[in-house]
Each structure stands twice: as structure tokens, then as C-alpha cells.
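Good morning, and thank you for coming.

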Amino acid sequence: MRARRTTPEDRKLARTEGVTSVIGALRDPRRLRTEVLAGLVVALALIPEAISFSIIAGVDPRVGLFASFTMAVSIAFLGGRPAMISAATGAIALVIAPVVREHGMDHLIGTVILAGVVQVLLGVLGVAKLMRFIPRSVMVGFVNALAILIFLAQLPHLIGVSWVVYAMVAAGIATIVLLPKLTDVVPAPLVAIVVLTVITVVAALDVPNVGDQGDLPESLPTLMVPDVPMILETLQIIGPYAVAMALVGLMESLMTAKLVDDVTDTHSDKTRESWGQGVANVVTGLFGGMGGCAMIGQTMINVKASGARTRLSTFLAGAFLLVLVVGLGDVVATIPMAALVAVMVMVSVGTFDWHSVRPATLRRMPRSETLVMLATVAVTVATNNLAYGVITGVVVAALMFVRRVAHLTEVVDVAHPDESTRVYAVRGELLWASSNDLVYQFDYAGDPENVVIDLSEAHVWDASTVAALDAITTKYAAKGKKATIIGLNGSSAERHERLAGHLAGGG
């Protein structure tokens, strides 16, 4: 029996499985060390972020910390993108904050669970396939906006503090930059955190630390069911917030998965990631968490700064987080915020696509592409919501595309076979933007009695174009002349035959 030929996609999947294999990492001491240390660094970086997002959402810090634990551990098994970190995020906190403020904690838990169910449904329905409609310029804007937001999030920790904090941040950045030149045995961010924490404790420095951000939990999360009435009124309250949370979470997660694909040169299962996020949110809600999605900054720490590639690092990030905040809370509380700020600043610098803003690149890049990138960045930074920025970028990209297509359409007088006949050639893509002016490009009064409109170099995309062609033939008929349309390709002919003469204003 003849063996099936190996395709490039097969080879890509095989390479992905080799790089992201948990068993492979467990068998290789060097890779295992990388995964374990990466999980520890991410866990340390998750603590202040989870506490901050809890404050934004208006809930106890324990809610955000438990959400980060359950999301990370769940997605390690369920997700479609190995090494990606999911936890409580700022975007989700902003969406659900009104629920907590106006209706209380039980309605929040109900919202998180319902959002998870919606994500599962969207995942099964194939929402991940919509990623193909996100242009590269939007992805670049998404990455640059992310880097800016990560940096801006560190500024509150650098305002109104003593010079010692600035010195510690500088020392942390120097460690992260210089240590990899000497050795990569231990992740540089972890070394920076440990060294600065030891200096703070030994020298008894009075600087802001993790303990200042909020109380750490002293017990494990417990299973709970929200105490809300199962009636239509409850659904009307939490439904809009749940749908918004589901969409924002999926968009951020799928965009992050695409980013990690590019960084690691491996493949991910976006459909699995979609429903996996939903199940993880249901689990998080049942344990009293505030829900979450892919966490881009911590993911970059994991895959870019620490070099992790498998689900093991994601699982350990959640496990270490729980151990640190519950079992070693007193130790974790002493970590200076300056150390974590240094880590996140370097993540910001490493995430930003500096090539995209170089003068040579900007001169070479079409202005429309640059505009899309800038629109994505501007809206994201202004709203502090990556989903809004991506939607804006896609809309602007679509408008720019339609504008280009509209200007590529032309009508040319190509032949006069005899005194009673004129032949026009229509060239380009015909859709609502380009066909609206089509009707005004013919000489109805001056043309002879027979007009041939050749569309062999054009394509009819929509009903607007068919209506425009109907209007053209109608105008010629009103002058006692006959217009004949020829040269339609297969799909254009099918669309024209089905709709011609049946559209309003079509004659």
C-alpha cells in the first residue's frame, strides 16, 4: 500500500509536537529546569497583577488570585496553545466591574460561569476561524499597544517613591539585560527578583512591596454555587456582561495565541483554545474566581524571557502561585515591587515591534497600513482595552481595502465595430464602493443604438453592482438604445442572472 506523502503542514505539526511535548521536557533535565523556573517567574509576576485587577473589578484580592490559579491550571490541560498563560486580566476586570458594583458577588460568579458557557459555544461554532480576517498591520498594532500598556501599568509604582526604588529598578533591568550574556542556566528575571528581595530584607529597606498591594489568602479556594435566582430577570442582568466578557476574553486569547505562534515558530489549535477558555472560566467561576483570559505580559515572560514551550510551565505557574500566596505568603509579601516593575519594563521593551516604527520601514510601508497600525494602537491605549483596538484596526483596514479596490475600477471605450455599435470594457473588482459611480461613466445621449459592456476583466461581488448594471441598461433603454452585458465569469454570471431585474430601482 502506498504511503501518504508528507505535507509541509504535517512537518510543521510534527515540529510543534516535538517542541511543546511535556513528556519530552520531563525526559530532558535542561528543558525541565527551564519549564520549572519559567513557571516560578510567572507565578511571582502574577501576584501583584492579580491583586491590582481585583481592585479594578471591586472584589477582594483573594478573588483575583484564586482566579489566576484556577485559570492557569485549567488551561494547562484544556488550552490549544502550549506555554500560554491565562489568568485574571485587566480587560475582564473592566467588563465585570459594574456587575459587582450594582448586583454583588453572586451575580459576578453567575456572569463568569455564563461567559464560560458562551465561549464554549463560540468555540464549537468555529469562532477561531475569524482570526484569518485580522490583517498583519492590526497584529503589529496589537503588539505595540500591548507593550505600551504593560509599560504604562508600571508607572504608578514609579511615581511618588524614593530614589532607592529607581536604583532598584535600574539594578533589576541591568541584571535582566546583562546576565544572559554570562549564563542562561537560570532565568534572568528570577535572579533579579531574588537578589533585590534579599537586598531589601537584609538592608531593611523601606520600599513598596507585594504585601502593600493587598491581603494574601490563607486558605485554599473552595467549590461554590452562586446564590442567584434562576429566572429570566437574572439572565437579563448578567447576560450582556457575560457576552461582552466572552468576546473580549476570546479575542485577547486568540490574538495572544497567534503572537506566541510567531514567537515560538510553532502551531496552536485555536478552536481548542476557544472552548478551553470557556471551560476554564466555568471552573474558575465555580471556585469563586473573577474569570480571565490569556495574559499577554506574563505569557511573554514565559515564552520569550524564560524560554518555556510546554504546558508544564503553565501548570506550574498556577501551582506555584497557590503555594506562594497560601503557604509562603509572608515571604512573598516582602518582594519589592521594584523587582517586578523591572521585569515588566523589560517585557514591554522586548514585546514592542521596533522594526515597525523605524523611518526606513515607515517610508516603505503603504500609508494605509501605517494608519491601521496607528489606529489600533491609539484606540487600545486610549480605552485600555485590546479588544476595542483590534476591532477598530480591522474596521479601518477593511475601509482602506475597499477604498483601494474602488479606485482600481475603470471604464474604457475600447472599440467601434460599426457606426451603430460601441464597446466598453469594465475592469476591476465591482462591489458597492466601486459600482456606485459606475452608472455615471457612460455617454447615454451620445452613444449609438447598440452598446456592448464587456466585463471579462471584472468581477461582480454583490447586489449593489447588479443594481448598477440594471440602472445602466435601463438608462440606455430610456434613450431607445440597447445595452448588452458580456464576458461575465462563472460566479459573476450566476449572481447577475439570479438578481438582475429583481432589485429595487433595477428597471
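Ile199 is found in helix α9; helices here are DSSP runs of H or I of at least four residues, strands are runs of E of at least two, and both are numbered from the N terminus. This is a predicted model, in which local features need pLDDT of at least 70 and side-chain atom pairs count only at pLDDT 80 or more, while totals for chains, interfaces and linings use all residues. Residues are numbered from 1 along each chain as its sequence is written, and side-chain values use heavy atoms, with hydrogens and water left out.

Is Ile199 buried or exposed, or does it fall in between? Ile199 counts as partly exposed because its relative accessibility is 41%; buried means under 20% relative accessible area, exposed over 50%, and partly exposed in between, with a 1.4 Å probe and protein chains only. Setting aside its neighbours within four places in sequence, Ile199 is in contact with Ala204 and Leu205, where contact means heavy atoms within 4.5 Å. The C-alpha atoms of Ile199 and Pro336 are separated by 9.6 Å, and these two residues are 137 residues apart along the chain.

Let me follow one of those contacts. Ala204 is located in the loop between α9 (188-202) and α10 (232-264). Its phi is near 50 degrees, a positive value in a residue other than glycine. As background, most residues other than glycine have a negative phi. Ala204 counts as exposed, because its relative accessibility is 64%.

Ala83 lies in the loop between α4 (61-78) and β1 (86-87). Ala83 counts as buried because its relative accessibility is 1%.

I return now to helix α9 and its packing. Two packed helices are described by the angle between their axes and the distance between the axes. Helix α8 (residues 163-182) packs with α9 at an angle of about 145 degrees, and the axes are 9 Å apart; axes are lines fitted to C-alpha atoms, for helices over the stretch in contact, and angles run from 0 to 180 degrees between N-to-C directions. The crossing of α8 with α9 is right-handed; a crossing is right-handed if the near helix is turned clockwise from the far one by less than a right angle, and left-handed if anticlockwise. Which residues meet there? On the α8 side they include Met168, Ala171 and Ile176, and on the α9 side they include Val191, Ala192 and Leu196. The residues of this contact divide into 10 nonpolar, three polar and no charged; Ala, Val, Leu, Ile, Met, Phe, Trp, Tyr, Cys and Pro count as nonpolar, Asp, Glu, Lys and Arg as charged, and the others, Gly among them, as polar.

The next topic is the sheet. Four strands form an open sheet in the order β3-β4-β5-β6, with mixed pairing; two strands pair if DSSP finds at least two bridges between them. The edge strands are β3 and β6, each of which pairs on one side only. From one strand to the next, the twist averages 25 degrees.

Strand β3 (residues 410-418) pairs with β4 in the antiparallel sense over six bridges, and a hairpin joins the two through two residues. Within this pair, Val412 stands opposite Ala425 in β4. Strand β4 (residues 421-430) is mostly covered, with eight of its 10 residues buried. On to the next pair: β4 and β5 are parallel, over nine bridges, and Arg422 has Val451 in β5 as its bridge partner.

How many bridges join β5 to β6? Strand β5 (residues 450-460) and strand β6 (residues 482-486) pair in the parallel sense over five bridges. The chain passes from β5 through helix α20 (residues 463-478) to β6 in a right-handed β-α-β crossover; right-handed means that, with the strands pointing away from the viewer, the path from the first strand over the helix to the second runs clockwise. In β6, Ile485 is the bridge partner of Ile453, and Ile486 stands opposite Asp454. Helix α20 lies across β4, β5 and β6, running at about 175 degrees to β5.

Finally, the protein chain as a whole. It has 21 helices and six strands, and 51% of its 507 residues count as buried. Along its principal axes, the C-alpha trace spans about 100 × 65 × 60 Å.
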